[in-house]
Every structure is written in C-alpha cells, then in structure tokens.
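Here is a set of questions and answers for a reader who is new to this structure. Each answer sets a value beside the definition that it has to meet.

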Amino acid sequence: METVNQSELSNSDASNPLSSSMQNTPQTKTYLKIGEAAEIIGVPASTLRFWEKQFPQIKPMKNKKGDRFYNAKDMEVLKEIYYLSHSKGVRLSQVSKKVKRDDAKITPQAELISQLRNFKEKLLKLKEQLE
C-alpha cells in the first residue's frame, strides 16, 4: 500500500487527466475518500475494504492515519468489479481473473514516489535493527 500526504491530494493538478469514469462525480477530484468512492460505486465502504483484500488490482493510497484515497484507475477497477459481480452475476473468484489494471500509464513521478516510499521503509527497518 502506498501512503499519501495531505499535500499530495491537491485537486488542482492539471497534469493529471481524469478518466471518463471520474467525470460523473459531483465535484471532480484527483483522489476520493472511501465514503465518496463507495457512494459512486453504489456499495458500502466495508465492501470496498473487502474487495481491496480480494483484488490485488485495487491499490488505494493511504495517509498516515490509514485513510484510503482512490484515484481514477482504482475507480475504473471498482466499477468493473461491481459490474461483473452485480450486473453479470460473475463470482468474485472469477472476477479477479477478468479484471485488469493498466499500470502502464503510471506517470514517472508517481513511480518515483512509490520507489522512494519503499526505500524509506527499508531504511526505517534498518534503523530499527541497529537500535
């Protein structure tokens, strides 16, 4: 899981085009809290937390408090899971095989942030071992 600072949750990031699935939200945002995402999808927040455990394709960012923030790609995956499981009646065990996440479009900046966070975690583990 990635963590995110509140300063990274800027809604005015013009360089981050949102997908069409996010454009039907009342207020277009770069990241949505779990309650907002659940309302858009049409399921309770607990269902999103369950799906997050069942589907590795869902990768919400988390802040230090553990609040989840879903981006446009996460919303696309969630909508696809909802469509397949609720509208088509596909079992969740089969949905995971059909749902894909296109990570090829991740921006270099987001990839760098992810790598730096992983490096920070490793350094903190080393620090704990030395103490």
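Q: What makes up the protein, and in which order do the elements run from the N terminus on?
A: From the N terminus on, the order is β-β-α-α-β-β-α-α-α, which comes to five helices and four strands. Helices here are DSSP runs of H or I with at least four residues, strands are runs of E with at least two, and both are numbered from the N terminus. The model is a predicted one, in which local features need pLDDT of at least 70 and side-chain atom pairs count only at pLDDT 80 or more, while totals for chains, interfaces and linings use all residues. Residues are numbered from 1 along each chain as its sequence is written, and side-chain values use heavy atoms, with hydrogens and water left out.

Q: How do you know that the span of α3 is close to what is expected?
A: The expected span is 1.5 Å times one less than the number of residues. Helix α3, residues 72–87, has 16 residues, and the 21 Å from its first C-alpha to its last is close to the expected 22 Å.

Q: Why is Ser85 called buried?
A: A residue is buried when its relative accessible area is under 20%, exposed when it is over 50%, and partly exposed in between, with a 1.4 Å probe and protein chains only. Ser85 has a relative accessible area of 17%, and therefore it is called buried. Ser85 lies in helix α3, where the buried residues also include Ile81 and Leu84.

Q: What is Ser85 in contact with, leaving aside its neighbours within four places in sequence?
A: Contact means heavy atoms within 4.5 Å, and by that rule Ser85 touches Trp51, Val90, Leu92 and Val95.

Q: What makes the pair Ser85 and His86 a polar contact?
A: A polar contact is a pair of N or O atoms within 3.5 Å; within protein, one must be able to donate a hydrogen and the other to accept it, and residues adjacent in sequence count only if both atoms are side-chain atoms. The contact of Ser85 and His86 joins their side chains at 2.9 Å.

Q: How do you know on which side of α1 the buried residues lie?
A: The buried residues of α1 are Ile34, Ala37, Ala38 and Ile41. They cover an arc of only 100° around the axis, so they lie on the same side of α1; the arc is that of the directions from the helix axis to the C-beta atoms. These buried residues pack against β2, α2, β4 and α3.
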